[in-house]
Amino acid sequence: MATVTPTAAPAATRLGPLFAGREFLWGALAVLLVLLVAIVGPWLAQDPAATTLDRRLLPPFSDGHWLGTDALGRDLWARIVTGLEWSIAVAVASTAIAALIGTVLALLAAERAGPVRTLVLQTVDAFLSFPGLVVAIAVIATVGHGYLPLVLTLGGLSWPVFARVIYAEASSLMQRDYVLAARLAGSSRTRILAGHVLPGVAPTLLVMLAFHLADMLVAESALSFLGLGAPLGEPSLGNMLAESRQYLYVAPWLMFVPACAIVLVVVSANLLGDGLTERLRGRARRAP
Amino acid sequence: MRQLLLTRLANLAVLLVALTTLLFFLLRATADQAAMLAGVDATPEQVAEIRAQYGLDRPLWRQYADYMAGLATLDFGESLVSGKPALADVVERLPWTLLLAALAMTLTIVLAIPIGAWLGSAQGRPGPARRAASAVVFVLQGMPGFVVALLLIEIFAVELRWLPFIGNEGLDTWIMPTVTLASFLVPRLARVVAANVAGALAEDYVRTARAAGASAREILYRHALPNALLGATALVGTQFAFLLSGSVITESIFAWPGVGSLLVRATQNADFAVVQAVAIVIAILVFTVNAGADLAFKALDPRLRERRS
């Protein structure tokens with residue numbers, strides 16, 4: 001799990017010139033396309049577990065298997081879309097968990113100084129200074145494989161990424177006059193946080209969701225690659241890559257296809273994140 | 001400065017206690033170590049014997065208290081695989097991880113700073129070469145280390161047969177792990193350097209230097225870059241933890257005998273003592289590097305030096 005700060009990408013390395021300021025559009029389109037494939041693909045594709053032993057290791061563009069087949073004669077396209085569905089499902093759920101915990105704790109910490117703030121900030125500091133993958137491996141090793149343990153571990157370990165950034169923004173919003181006005185008018189803490197501060201941090205939250213989704217997908221793939229993510233028999237982009245290592249000589253496409261899929265998803269999500277940052281920054285500049 | 005180090009030490013202590021406690025109870029709650037050790041076809045008597053032998057039949061709180069007392073004296077218990085003290089296993093492999101990290105960090109700095117400086121000096125008018133390079137950096141940032149590693153293996157070991165697949169004997173086996181690990185950081189560092197150089201070039205002192213007749217090259221290397229590198233130093237410190245995450249993957253793929261591959265192996269064997277020892281040694285390592293980066297940052301940036309008054 002990488003730590004991401006949603007600061008704008010430097011102008012010099014943004015793809016802006018390449019897309020003429022349409023990063024957001026292209027990123028959003030690409031992410032929607034990926035989601036569509038992950039949701040609809042498994043319904044339309046063949047059975048990803050169906051083995052045809054006389055049709056093993058077929059190269060791409062073979063008859064009936066346009067991406068080819070693996071060592072057991074299973075259709076690669078079917079496995080890719082099923083793997084994509086699994087990887088995206090893990091990434092979306094763990095991102096949601098991380099965002100929820102991180103945002104709630106950040107808002108509570110920003111609301112007033114006290115033991116809650118100290119505890120949250122200390123925990124965030126401690127978590128962020130530690131290699132996430134090492135902890136994730138250690139925890140997964142103990143709690144076991146499967147969808148729920150994976151999602152809870154990834155979400156439960158990566159929320160400080162959200163907490164740090166949202167806290168910084170929320171605590172500056174707490175100083176604003178309109179928050180003071182709301183407080184003087186007798187609004188409750190919940191009402192101030194949910195009604196006045198949360199909408200203010202929403203744009204940042206949106207940007208972070210895009211980047212975090214990419215990070216969680218990479219984390220899931222890395223764990224599955226090491227044999228610690230998806231359970232046996234469940235295709236995932238990571239364990240497909242791990243299996244492909246035995247066939248690098250005879251069937252390199254088994255490696256190229258999932259590798260391209262991972263890079264495509266991550267680059268799309270990063271593009272969306274950069275595009276969102278750019279849009280929201282543009283909006284902030286126009287606002288008085 | 002002292003205050004900062006003390007705060008950091010307190011953070012480390014909290015982290016270590018929380019981490020070890022969490023791992024201890026998670027493991028005891030979810031896995032029967034004795035049954036795992038005995039194997040699938042062991043009789044209940046054999047399992048009970050192993051349980052007694054490793055002290056796993058005592059009350060949980062006793063095991064926890066003994067465990068924490070052991071940690072305080074740097075006794076992590078014995079590896080179930082090698083039979084040696086877990087800490088010895090980790091310390092034996094630590095130099096390999098540090099070597100790989102140092103090689104990757106060196107390669108990162110050598111590549112990322114010139115690339116970043118070049119990308120950042122476009123001053124709002126990037127030509128086709130810079131645009132293409134930006135696109136490459138952007139895609140590279142979205143490429144996880146294991147994908148980079150497999151591509152390198154496919155190209156240089158399988159197709160061209162220039163480099164050996166895995167191992168750590170001979171300098172040629174060091175190339176692919178180093179490049180893989182560096183691929184985690186190069187795009188990130190390059191982007192930060194580019195942004196900082198672009199920012200520095202817009203500063204007043206650059207305009208003054210230009211007005212005084214300094215050449216573009218002189219402005220970039222003598223005025224803009226040194227200031228840009230300041231921010232890069234901070235990044236290198238904070239990304240060290242990220243680098244160690246990367247080395248877990250890299251070491252496993254290339255069978256590099258460091259602590260990362262040890263962690264993965266220990267995980268697969270439910271070798272609890274080693275998992276904990278690795279986690280704790282890495283926590284201490286990250287702490288040391290971060291504190292060192294803080295100190296370096298302070299020494300390099302005169303604005304951050306404490307006034308002696």
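Student: How many of the residues of chain A count as buried, and what makes a residue buried?

Tutor: Of the 288 residues in chain A, 50% count as buried. A residue is buried if 20 or more other C-beta atoms lie within 10 Å of its own, exposed if 12 or fewer, and partly exposed in between, with C-beta atoms placed from the backbone. Keep in mind that this is a predicted model, where local features need pLDDT of at least 70, side-chain atom pairs count only at pLDDT 80 or more, and totals for chains, interfaces and linings use all residues. Residues are numbered from 1 along each chain as its sequence is written, and chains are lettered from A and ligands numbered from 1 in the order in which they are written.

Student: What is the secondary structure of chain A?

Tutor: Ten helices and zero strands. Helices (H or I, at least four residues) and strands (E, at least two) are DSSP runs, numbered from the N terminus.

Student: How do you know that chain A touches chain B?

Tutor: By contacts: 46 residues of chain A are in contact with 49 residues of chain B. Two residues are in contact if their C-beta atoms, placed from the backbone, lie within 7 Å. On chain A's side, the elements giving two or more residues are α1 (16-19), α4 (115-128), α5 (132-143), α8 (189-225) and α10 (253-286). The largest share, ten residues, comes from α5(A). That side of chain A divides into 35 nonpolar, nine polar and two charged residues. Here Ala, Val, Leu, Ile, Met, Phe, Trp, Tyr, Cys and Pro count as nonpolar, Asp, Glu, Lys and Arg as charged, and the others, Gly among them, as polar.

Student: Why is α3(A) called oblique to α4(A)?

Tutor: Helix α3 (residues 76-111) of chain A and α4(A) pack at about 135 degrees, with their axes 8 Å apart. Angles under 35 degrees count as roughly parallel, over 145 as roughly antiparallel, 65 to 115 as roughly perpendicular and the rest as oblique. The value of about 135 degrees belongs with the rest, so α3(A) is oblique to α4(A). Axes are lines fitted to C-alpha atoms, for helices over the stretch in contact, and angles run from 0 to 180 degrees between N-to-C directions.

Student: Which residues make that contact between α3(A) and α4(A)?

Tutor: A:Leu105, A:Leu108 and A:Ala109 of α3(A), with A:Val116, A:Arg117, A:Val120 and A:Leu121 of α4(A). By class, that's six nonpolar, no polar and one charged.

Student: What makes α12(B) roughly antiparallel to α13(B)?

Tutor: Helix α12 (residues 259-268) and helix α13 (residues 272-300) of chain B pack at about 150 degrees, their axes 9 Å apart. That angle falls in the over 145 class, so α12(B) is roughly antiparallel to α13(B). B:Val259, B:Leu262, B:Leu263, B:Ala266 and B:Thr267 in α12(B) meet B:Val274, B:Val275, B:Val278, B:Val281 and B:Ile282 in α13(B). Nine of these contact residues are nonpolar, one is polar and none is charged.

Student: Why is α12(B) described as largely enclosed by the rest of the structure?

Tutor: Because eight of its ten residues are buried. Among them are B:Gly260, B:Ser261 and B:Val264. What covers the buried residues of α12(B) includes α5 of chain A together with α5 (86-120), α11 (240-254) and α13 of chain B.
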